[in-house]
Amino acid sequence: MAYRVLITDDSPAMRSFVRRVIELSGFELSACFEAGDGAEAMDVLKKEWVDAILTDINMPGVDGEELLRRLAADELLCGIPAIVISTDATQNRIARLLALGARGYVTKPFRPETLRAELERTLGVPCD
Amino acid sequence: MIRAALASAVGDVLESMFFLDTLGEAGEPPAGADTVKVHLSFEGDPPGCFEMRLARRAANAIAADFLGEDAGSLTPRQSTDVTLELANMICGAVLSRIESSATFRLGAPRVVADSVADDTREPLPEEATRYTVETGSGTLTASIRMETRTCTATEKYAS
């Protein structure tokens, strides 16, 4: 099965890297959308359905925490799993974001297999 | 402890995200070296600031690997973007190691010197912790300075 994902990060380099890592890890994508912040992510989601959202937290404009709040408040979008990708590995921040509705958390730096494993776990994909 | 965290973070970030095995600790580059300098501040307990100085050749090589592009076809914008992200990741990794239970927030990284002529900004003071590593294409120096809480006069004389 191929998946549709949305990558949200204010760094174009990071968006490109995450996309490449997902593709190179063998995780099958049928579509990959990108957004520069939470507001752009919500615009994408008005038009496109995705199976998972990968989001940074520290972004100018609508940041990752606010994006999680908006997703949780939306009847349709609240069911889409969101995985946070962030430099912040502190327990406080992780707990806070999981409480806001994040289904997964990947700390930068990460190995490609870590991101793939988190995607598979979040989407309920059987391991190879 | 901070220096060990800095060294560990630099190595971990370069290896995990940039697939780069460093060639070990090195001396800081001379003042006139062709480097890119990035600065970012962070809020937390304590707050502070972080700087990264990266040899330009290394910046381009690292960016090419990160983006899966040929170094010759990279735009300056792409190289800068990756360099900023590298600084962001190293700083975050250091802070997570120093205080795993604290809350901190990184400011946006920015290039403060992109050439020798630009480099008029004062470097972080002597009390900043520094670590320099050889990447194979040039050196990377990471520096971090945590602000220390100043005792009030009452606290000072009470102890």
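# A walk through chains A and B

Start by selecting A:Thr8, which sits in strand β1 (residues 3-8) of chain A; strands here are DSSP runs of E with at least two residues, helices are runs of H or I with at least four, and both are numbered from the N terminus. Before you go on, note that this is a predicted model, where local features need pLDDT of at least 70, side-chain atom pairs count only at pLDDT 80 or more, and totals for chains, interfaces and linings use all residues. Residues are numbered from 1 along each chain as its sequence is written, chains are lettered from A and ligands numbered from 1 in the order in which they are written, and side-chain values use heavy atoms, with hydrogens and water left out.

**Stop 1: around A:Thr8**

Is A:Thr8 buried or exposed? It counts as buried, at 1% relative accessibility. The cut-offs for that word are under 20% relative accessible area for buried, over 50% for exposed, and partly exposed in between, using a 1.4 Å probe and protein chains only. Now show what touches A:Thr8, skipping neighbours within four places in sequence: you get A:Ala35, A:Asp37, A:Gly38, A:Ala41, A:Ile53, A:Leu54, A:Thr55, A:Asp56, A:Met59 and A:Leu67. Contact means heavy atoms within 4.5 Å.

**Stop 2: salt bridges in chain A**

Over all chains, the structure holds 21 salt bridges, each one a side-chain nitrogen of Lys or Arg within 4 Å of a carboxyl oxygen of Asp or Glu. Pick A:Lys46 and A:Asp43, whose side chains meet in one of them at 3.5 Å, N to O. The two are three residues apart in helix α2 (residues 38-47) of chain A, so about one helical turn separates them. A:Lys46 is exposed, with a relative accessible area of 69%, and A:Asp43 is partly exposed at 39% relative accessibility.

Next, select A:Glu65 and A:Arg69, another salt bridge, with the closest N and O atoms 3.4 Å apart. Both belong to helix α3 (residues 64-73) of chain A, four residues apart, about one turn of the helix. A:Glu65 is buried at 8% relative accessibility, while A:Arg69 is partly exposed at 37%.

**Stop 3: two helix pairs**

Two packed helices are described by the angle between their axes and the distance between the axes. The axes are lines fitted to C-alpha atoms, for helices over the stretch in contact, and angles run from 0 to 180 degrees between N-to-C directions.

A:Glu65, A:Leu68 and A:Arg69 of α3(A) make the contact with A:Arg93, A:Arg96 and A:Leu97 of α4(A). By class, the residues of this contact are two nonpolar, no polar and four charged. Ala, Val, Leu, Ile, Met, Phe, Trp, Tyr, Cys and Pro count as nonpolar, Asp, Glu, Lys and Arg as charged, and the others, Gly among them, as polar.

Now cross between chains. Helix α1 (residues 12-24) of chain A and helix α2 (residues 56-67) of chain B have axes that come within 9 Å and cross at roughly 45°, so α1(A) and α2(B) are oblique to each other. Select A:Ala13, A:Met14, A:Ser16, A:Phe17 and A:Arg20 in α1(A), which meet B:Asp65, B:Phe66 and B:Leu67 in α2(B). That contact of α1(A) with α2(B) has five nonpolar, one polar and two charged residues.

**Stop 4: the nonpolar cores**

A nonpolar core is a set of buried Ala, Val, Leu, Ile, Met, Phe, Trp, Tyr and Cys residues joined through side-chain atoms within 4.5 Å. In the largest one, of 64 residues, A:Phe110, B:Phe18, B:Phe50, B:Phe66, B:Leu86, B:Ile90 and B:Leu140 touch the most other members. α3(B) gives the most to this core, with eleven residues. Beyond four places in sequence, B:Ile90 is in contact with B:Ala9, B:Val10, B:Val13, B:Phe50, B:Met52, B:Leu140 and B:Ala142.

**Last stop: chain B**

Finish on B:Arg97 and B:Asp12, whose side chains form a salt bridge at 3.0 Å, N to O. B:Arg97 lies in helix α3 (residues 76-98) of chain B and B:Asp12 in helix α1 (residues 2-18) of chain B, so the pair ties together parts that are 85 residues apart in sequence.

Key. Parallel < 35°, antiparallel > 145°, perpendicular 65-115°, else oblique.
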